[in-house]
Structures are given as structure tokens and as C-alpha cells.
Amino acid sequence: MEQERMNTKNHRRYPLLGLALAAALAGPARAMEDDAVFQATRIEIDAGRADSKSIAAWRADGWIGTDYNRFAWRTEGTQRAGRLEDAEVQGLYSRYLAPFWDLQLGLRRELKPAARNYAVLGVRGLAPYAFDVDLAAFVRSDGRLFARTRVEYDMLFTNRLIAKPFAGIDWAARSAPSDGIKAGVTASEWGLNLRYEVTRAVAPYLEVGRQWQRGADGGTGANSVRAGLRLVL
């Protein structure tokens, strides 16, 4: 009987020791997973026509870091009729905010049409029904406030053929007569991007869109058709 009691005590003790050992090992394992460094890069380059004028554009973004803290970057620009029309680059600290959402803050450097600096505060993530949402506010070095919103959505026809409708709007909090900017919506773009993923990393695409720009004398619009290549690294 005494031996049976000892065995019973051992059976009770060892599971507790096993659980403690498992918890001790799991803690560092979770920490290692949280501290693991990953990276992703997406590049899109295209060219085509916009109201009988040649047009070319690039868009690229990426990040490097852990699941919770990352350095994110992005750049984009447009060339029209052989001349660089607009270009910018951003460097951002990206912090996990909620599942599928990151808070971003950092700096934006506008290269064209004029060299200017902005502070950036934004959020980026997936809204319900998998809409990719990118919202950002910009404070220019002269204190003027601007904002940008962009929404896009991937519609899968097959595992390789994907249509992506998109819409973007730029805003200004106040008028800036010296820059030809009026308060409110200053520019918008919407259209459809159709890509075929040869692999997950390489996808040629065709994009049709409508761009609208508001100036001091009113708004001007243009339709565009572009063919390009998307790379995911």
C-alpha cells in the first residue's frame, strides 16, 4: 500500500513538472517567433497612354522587421510625355495595432513637382470583406495639412487571374493659393487592374483608370490605359 501511495504521488508530481518544463520551453520559443525578422517587397512598373500622351509610372513598397515592429518604405512617381511629373519617397515606423492593422508614422519627401518634406501619420490594413485600406495624414513643413485615402480589393477569377478595382482620393485641409490648391478634394484616381500571376512573384498586368486633378481654375480629367509588371520579392 505504501508503494502504491508513492507511485500515486509520483504520477501527480511528474505531470506538474512536465507542464512547468513545457511552459518554460514555450516562453523562449514564443519570444523567438516574435523576434524573428521578415521582409517583403512589391514593385509595379507600367507604361501606356493617357489622353493621347505617353505615360509611365512606378509604385513600390516594402517592409522589414518583426510581427510587431517594422521599418516600412514606399515610393511612387509618374512620367508624362517624357517628363517627370511627380515623385515621392516615404520612410515609416510601422507598429502592430490590431489583427491585420498597422499604425504608421514617419517622413515623406516629395521630389516633384517641388521638393518638400512632410510628417506622416497613418493606418494600413484589411477592412471587413478583405478590402485593403490605406489612410494617411501629412503635415507639410509649412504646417499645412493634407490627407490621402486609397482602397483596393482583389477579386479572384482563378488562382492566377485577379482583378483589382481601386480608388484613391487626395485631400487638403486648407487652400494654398501659391500652390494652386483649394481646400477639399484635390485629386482622385479610380480604375481596374487585371493581372495574371505567372508565379506568385511575377505578374504582368493591364490597368485602365481615370485621373482627376483640381487646380485653381477648376478640374481636369484624363483616362489612361497602361500595361505593366508586378514583382513580389
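**Figure 1. Pairing of strands E3 and E4 in the predicted model.** Ala72 stands opposite Leu92, a residue of strand E4. The strand that pairs with E4 here is E3, which spans residues 69-80. The two strands run antiparallel and are joined by twelve bridges. Together they form a hairpin with two residues between the strands. In the turn of this hairpin, Ala81 has a positive phi of about 55 degrees.

**Figure 2. Pairing of strands E4 and E5.** Eleven bridges link E4 to E5, and the pairing is antiparallel. One of the partners across this pair is Leu107 in E5, which is the bridge partner of Gly91. E4 and E5 also form a hairpin, again with two residues between the strands. Phe100, in the turn, has a positive phi of about 75 degrees.

Figure 3. Strand E4 (83-98) and strand E5 (101-112) are the elements that give two or more residues to the patch. Leu121 belongs to strand E6, which covers residues 116-127. In a regular strand, side chains alternate between the two faces of the sheet.

**Figure 4. The salt bridge between Arg80 and Glu85.** The side chains of Arg80 and Glu85 meet with a distance of 2.9 Å from N to O. Arg80 is partly exposed, having a relative accessible area of 21%. Glu85 is likewise partly exposed, and its relative accessible area is 35%.

**Figure 5. The salt bridges of Arg116.** Arg116 forms a salt bridge with Glu110 at 3.3 Å, N to O. Glu110 has a relative accessibility of 9% and therefore counts as buried, since the cut-off for that class is under 20%. Arg116 itself is partly exposed, with a relative accessible area of 22%. The side chain of Arg116 also meets that of Asp179 in a salt bridge, at 2.9 Å from N to O. Arg116 lies in strand E6, whereas Asp179 lies in the loop between strand E10 (161-172) and strand E11 (184-196), so this pair ties together parts that are 63 residues apart in sequence. Asp179 is partly exposed, with a relative accessible area of 28%.

**Figure 6. A network of salt bridges.** A search of the whole structure finds 27 salt bridges.

Definitions and conventions:
Residues numbered from 1 in each chain as written. Predicted model: local features only at pLDDT ≥ 70, side-chain atom pairs only at ≥ 80, totals over all residues. Heavy atoms only, no water. Helix = DSSP H or I, 4+ residues; strand = E, 2+ residues; numbered from the N terminus. Salt bridge = Lys/Arg side-chain N within 4 Å of Asp/Glu carboxyl O. Buried < 20%, exposed > 50% of the residue type's maximum accessible area, 1.4 Å probe, protein only. Pairing = 2+ DSSP bridges.
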